[in-house]
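Open the model in your viewer and follow the stops below. Each one says what to select and what is there.

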Amino acid sequence: MAQTNRAALYTRVSSTGQEDNYSLQTQEASCRAFAAERGWEVAGVYTDVHTRVELWERPQLSALRETVRRHDVDTVICYAIDRLSGDPVHLGVILSEADHAGVDVVFVSEPLDDSPEGQLIRFVRGYAAKIEHEKIKERTMRGKLARVQSGKPTVGPRPPYGYRWRDDRDQNGKPVKLRLEENPETAWVVRRIFSEIASGSSARKVAQRLTEEGVPTPTGRALWIGSTISGMLKHPTYTGHVTAWRWKKEKVKGRGVVNTSRPASDHASLPDVAPALVAPEVATRARAQLGRNKQQAVRNNPNPEAFLLRGGIVRCGYCGGALVGRNSRFGPLYRCNTNHRDRNGCPHFSIMASILDTAVWDGIRERLTCPDVIAAELHRLRAQDPTRADVTSLDRRIGEVTRRQRNLMTRLADEDNADVAALIRADVAATVDEQRRLEQERVDLERQREGWRLAQERLTELDLWVRNVTAKLDEFDYAKRRLALSELGATVRVWATDHSPRWEVALRPDAFGPPIVNTTTCG
Ligand SMILES: [Zn+2]
């Protein structure tokens, strides 16, 4: 029986004044036209405006996902992939939920099957573990979001340096963390840092002086480092602007959980949570000076292209900190940042940039041009249909039950004795139940088989995508190589000469196989 396909539309703009070809009206009109062409009924329109990047921070998307989970619609129509989410993991969450509920997700401007992004996205659907992690995070974040929406600060393990929690109580007299106040033991350090930088000092020099004087650091360690100082200068709380959602924690392979900054449009301002420690004009001067210092540092590096892996791609195998590129009399080399090394006791070591850059790039190219990992996985999958044996035996059992039922019916038709007929009728009812149960089991198996088939499809697509990209790898210049490294999520860890391996490259997604080590071979 043909039923009308019920479609939900999802549209989104990231700011209220967005006037590009992504405007809400355009998106909705295209989605409606898309539905009309196919004779689908529009069962609902979900629109998010000026919202944050995280899934749980988009109320309408959450509502839509609820609808999808209940299978209240058959299809979700979205104008473009990035309107749904720019983050592959989030897309994975949404798409796999839809898959699970048997709801189709289609994009008006980008058919999933064709574009490399589409292929990659489908592949990402298989990231069950990541998705599970994301769900757990989402539950935690919902709680945090509620806190921020009611004007309370998100509570970290400790208040920002220079502050302490005020002695606030809830109605039961229990202490609650609601407002910050000046900490007389450390607030002066914050003021001094701002004023010294404002009068022309560098973060590194300020750090040196504070260390020499034995001033307590935010983490309780003995050593102040430049990045702590510059981080404090950027912290909006010190001018009285408490902001939630400035950072998010992300798991990075080989580095554990790292903090990354969110775009300013995501920040949520919380008025009256903390007093300013620094006058706005001092803060402005200090921040401007910091910018000038940074420009100076860039000018001091005369040859940035000599370092393919600069800017955090190459990391210390001992402490995990970014290695820094330096020009030495032997040529450009990478070594662990002096401060990190002193703090973490890493051995002294360095590696020539030209050697490491070439070796790492060759390793990556080799891995991409012989994606045996993908091929092997595909082969393994194809070889085994996890449901084949079960389907055969189920079909046999369904046949048996059906036969038994037919025999009982024949006997029932011939039976004159009412009591015996009642007994046969009960037997027939039992076979009907069993038939139903077996058929449900068969439906479940079919679903399982469909999953198996989809997994192969995803891998085939990933394989294609990789081949597509790798055909052009040899022509890549410095900028394109940098871009490729970041797209692949490459991180390189390096150890001293007495360590084996000397270096190791990890790539995301994990389907690109185990880490590439300093002796790479194909297959
Ligand atoms: Zn180190």
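Start at a helix pair: the crossing of H7 and H8 is right-handed (left-handed if the near helix is turned anticlockwise from the far one by less than a right angle, right-handed if clockwise). This is a predicted model: local features need pLDDT of at least 70, side-chain atom pairs count only at pLDDT 80 or more, and totals for chains, interfaces and linings use all residues. Residues are numbered from 1 along each chain as its sequence is written, and side-chain values use heavy atoms, with hydrogens and water left out.

Select residues 187–198 for H7 and 203–212 for H8. Helices here are DSSP runs (H or I, at least four residues), and strands are too (E, at least two), numbered from the N terminus. The two helices pack at an angle of about 140°, with axes 10 Å apart. Axes are lines fitted to C-alpha atoms over the stretch in contact, with angles from 0 to 180 degrees between N-to-C directions.

Now show side chains. Val 189, Arg 192, Ile 193, Glu 196 and Ile 197 of H7 meet Ala 203, Val 206, Arg 209 and Leu 210 of H8. Contact means heavy atoms within 4.5 Å.

Next, select the zinc ion. Its donors (N, O and S atoms within 2.8 Å of the metal, 3.2 Å for Na, K and Ca) are the SG atoms of Cys 316, Cys 319, Cys 336 and Cys 346, at 2.3 to 2.4 Å. Their spacing in sequence is C-x2-C-x16-C-x9-C. Cys 316 sits in strand E13, and Cys 346 in the loop between helix H11 and strand E16, 30 residues apart. Both Cys 316 and Cys 346 are buried (under 20% relative accessible area, 1.4 Å probe, protein chains only).

How values were computed. Buried means under 20% relative accessible area, exposed over 50%, partly exposed in between (1.4 Å probe, protein chains only).
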